[in-house]
Amino acid sequence: MKKKIALSGSMLVFFGALFWSLNAPLVKFLEVDALLTCGLRSLIAGIVLLPFLRPSKLHWSPWLAVYLVSYAGLCLGVVLALRQTSAAIAIGMQYASIVWLFLASTIVNRKLERKRVLPVVLITVGVVIFMLSGISGSSMTGNLIALTESVSFAFMTVGAKKSAGDNPLGLTALANLFTGLFIFLFLPPQFADLGTLTGMEWTIILILGIVQIGLGYALYNMGVRRISPQKASVIALWEMILGPVWVAVFLHEYPGLLVLTGFVIIIAGILADARADGAAS
């Protein structure tokens with residue numbers, strides 16, 4: 001009798017973050033309009049996952065609209081922030097969502113989870129240090145745009161848990177189609193760049209759409225159904241850690257001391273969070 005191997009919610013979210021982390025080395029090969037890249041990869045992800053869309057299995061509620069808007073807001077926030085501030089801040093700021101989710105949980109449940117205080121503090125300090133590594137290439141406007149990412153990420157995580165129902169892959173397809181169409185209709189990119197794309201660049205865009213965005217968010221949405229939004233946002237931090245690792249391995253661009261310090265503190269926070277879970281079980 002064959003045994004079925006089922007991945008836990010935590011592992012699904014981790015693999016989602018693993019695929020997200022491919023963004024850092026891959027986009028370095030692209031020299032096209034950022035909005036065009038964002039729109040194309042979203043449409044590709046949405047079309048590839050469209051066969052999995054089962055409207056009757058989604059939870060059609062205001063939370064679905066919250067998810068779609070926050071997902072699009074997150075994708076656009078990263079792209080717009082990258083234009084005006086450093087990559088470290090543009091990518092790292094979204095993980096300040098951990099603070100918002102912790103505060104929201106405390107207010108809603110009217111209870112402070114003391115065992116979560118240390119992990120949240122460590123992770124927040126690590127994220128701040130990580131972002132300080134790119135402060136020389138930052139701007140106040142770009143930093144404020146990046147700050148909106150943390151709010152979008154928090155709402156996206158909660159929205160995914162409340163609206164995915166039994167169709168997380170379909171939810172991912174819907175979100176990406178919404179994002180791609182919104183960009184092309186209301187924020188038209190430089191379509192002229194389409195004629196300049198090489199075969200290698202099209203391959204990279206396909207990988208970004210199918211694997212990095214499509215599969216990454218599909219796994220994240222599957223995983224967040226089984227664990228709390230706070231826990232999912234902590235595990236998602238592996239994107240911040242793995243992204244620069246791939247850049248170092250494949251592009252030989254190595255992180256500085258501040259980045260490494262931030263990594264160590266973030267990992268300490270993740271371990272402290274895992275220990276808190278162990279103590280609670």
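**Rings, helices and a loop**

Colleague: Let's start with Phe14: buried, exposed or partly exposed?

Modeller: Buried means under 20% relative accessible area, exposed means over 50%, and partly exposed is in between (1.4 Å probe, protein chains only). Phe14 comes out at 24% relative accessibility, so it counts as partly exposed.

Colleague: Before we go on, what kind of model is this?

Modeller: Residues are numbered from 1 along each chain as its sequence is written, and side-chain values use heavy atoms, with hydrogens and water left out. Local features need pLDDT of at least 70, side-chain atom pairs count only at pLDDT 80 or more, and totals for chains, interfaces and linings use all residues, this being a predicted model.

Colleague: How do the rings of Phe14 and Phe15 pair up?

Modeller: Rings of Phe, Tyr and Trp (its six-membered ring) pair if their centres lie within 6.5 Å; planes under 30 degrees apart are stacked, over 60 edge-to-face and the rest tilted. There are 13 aromatic pairs in the structure. For Phe14 and Phe15, the ring centres are 5.6 Å apart and the planes sit at 65°, so the pair is edge-to-face.

Colleague: And how far apart in sequence are the parts tied together by Trp20 and Phe153?

Modeller: These two rings have centres 6.2 Å apart and planes at 80°, so Trp20 and Phe153 are edge-to-face too. Helices here are DSSP runs of H or I with at least four residues (strands are E, at least two), numbered from the N terminus. Trp20 lies in helix α1 (residues 9-20) and Phe153 in helix α8, so the parts they tie together are separated in sequence by 133 residues.

Colleague: How are α4 and α8 oriented to each other?

Modeller: Axes are lines fitted to C-alpha atoms, for helices over the stretch in contact, and angles run from 0 to 180 degrees between N-to-C directions. Under 35 degrees is roughly parallel, over 145 roughly antiparallel, 65 to 115 roughly perpendicular and the rest oblique. The axes of α4 and α8 (residues 140-163) come within 7 Å and cross at roughly 155°. That is why α4 and α8 are roughly antiparallel.

Colleague: What about α4 and α9?

Modeller: Helix α4 (residues 62-84) and helix α9 (residues 168-186) have axes that come within 9 Å and cross at roughly 55°. That makes α4, relative to α9, oblique.

Colleague: Which residues of α9 make the contact with α4?

Modeller: Contact means heavy atoms within 4.5 Å. From α4 come Leu64, Tyr67, Leu68, Val69, Tyr71, Ala72, Cys75 and Leu76. From α9 come Leu171, Leu174, Ala175, Asn176, Phe178, Thr179, Phe182 and Ile183.

Colleague: Further along, which residues does Val259 touch, leaving aside neighbours within four places in sequence?

Modeller: Val259 is found in helix α13 (residues 257-280), and it is buried, with a relative accessible area of 12%. Leaving those neighbours aside, Val259 is in contact with Phe130 and Ser133.

Colleague: Last one: what is the phi of Arg110?

Modeller: Arg110 is in the loop between α6 (97-109) and α7 (114-132). Arg110 is exposed, with a relative accessible area of 78%. Although Arg110 is not a glycine, its phi is positive, at about 50°.
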